[in-house]
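Please look at the sequence and the model below, and then read the notes on charged side chains that follow.

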Amino acid sequence: LQTQEVEDWTRRGLADLLENKVVVTPLEAFRTFHDDPLRVLRAIRFAVRFDMELAHDLKKASMDVQIHKELHRKVSRERVGKELEGMLSGKHANPQKALQLICDL
């Protein structure tokens with residue numbers, strides 16, 4: 001913040017954000033979602049908000065049965081509701097795209 005510069009630790013973040021318009025995880029997607037399954041919903045919210053696509057490995061990890069189980073086990077209904085609220089009614093919300101992504105995953 002003090003230098004007003006963007007630090008791109010992955011050396012691909014700015015390209016993914018500005019050019020490729022694709023949401024990726026900095027680490028392996030399955031591991032990322034297993035550690036914190038709420039990140040699946042955050043990735044969807046981010047994709048909807050900024051009109052981006054989800055990376056293939058991110059989609060594949062999101063569809064894994066183990067990740068679905070972890071989402072139910074580790075994440076409260078309130079947190080899920082908060083993420084859904086952001087997708088459906090927040091700034092730059094696109095309910096149709098959000099629900100389609102959720103159904104696909």
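## A first residue

Is Lys 74 buried, partly exposed or exposed? With a relative accessibility of 38%, Lys 74 counts as partly exposed, where buried means under 20% relative accessible area, exposed means over 50%, and partly exposed lies in between (1.4 Å probe, protein chains only).

## Basis of the values

This is a predicted model, in which local features need pLDDT of at least 70 and side-chain atom pairs count only at pLDDT 80 or more, while totals for chains, interfaces and linings use all residues. Residues are numbered from 1 along each chain as its sequence is written, and side-chain values use heavy atoms, with hydrogens and water left out.

## A pair within helix α5

Lys 74 forms a salt bridge with Glu 70, with 3.4 Å between the closest N and O atoms; the term means a side-chain nitrogen of Lys or Arg within 4 Å of a carboxyl oxygen of Asp or Glu. Both residues lie in helix α5 (residues 65-74), four residues apart, about one turn of the helix, and helices here are DSSP runs (H or I, at least four residues) numbered from the N terminus. Glu 70 is buried, at 10% relative accessible area.

## Glu 83 and its partners

The structure holds eight salt bridges, and one of them joins Arg 45 to Glu 83 at 2.6 Å, N to O. Because Arg 45 lies in helix α3 (residues 38-49) and Glu 83 in helix α6 (residues 77-89), this pair ties together parts that are 38 residues apart in sequence. Glu 83 is buried, at 3% relative accessible area, whereas Arg 45 is partly exposed at 28%.

Glu 83 also forms a salt bridge with Arg 79, the closest N and O atoms being 3.4 Å apart. Shared partners join salt bridges into one network of Asp 36, Arg 39, Arg 42, Arg 45, Arg 79 and Glu 83.

Terms used:
Helix = DSSP H or I, 4+ residues; strand = E, 2+ residues; numbered from the N terminus.
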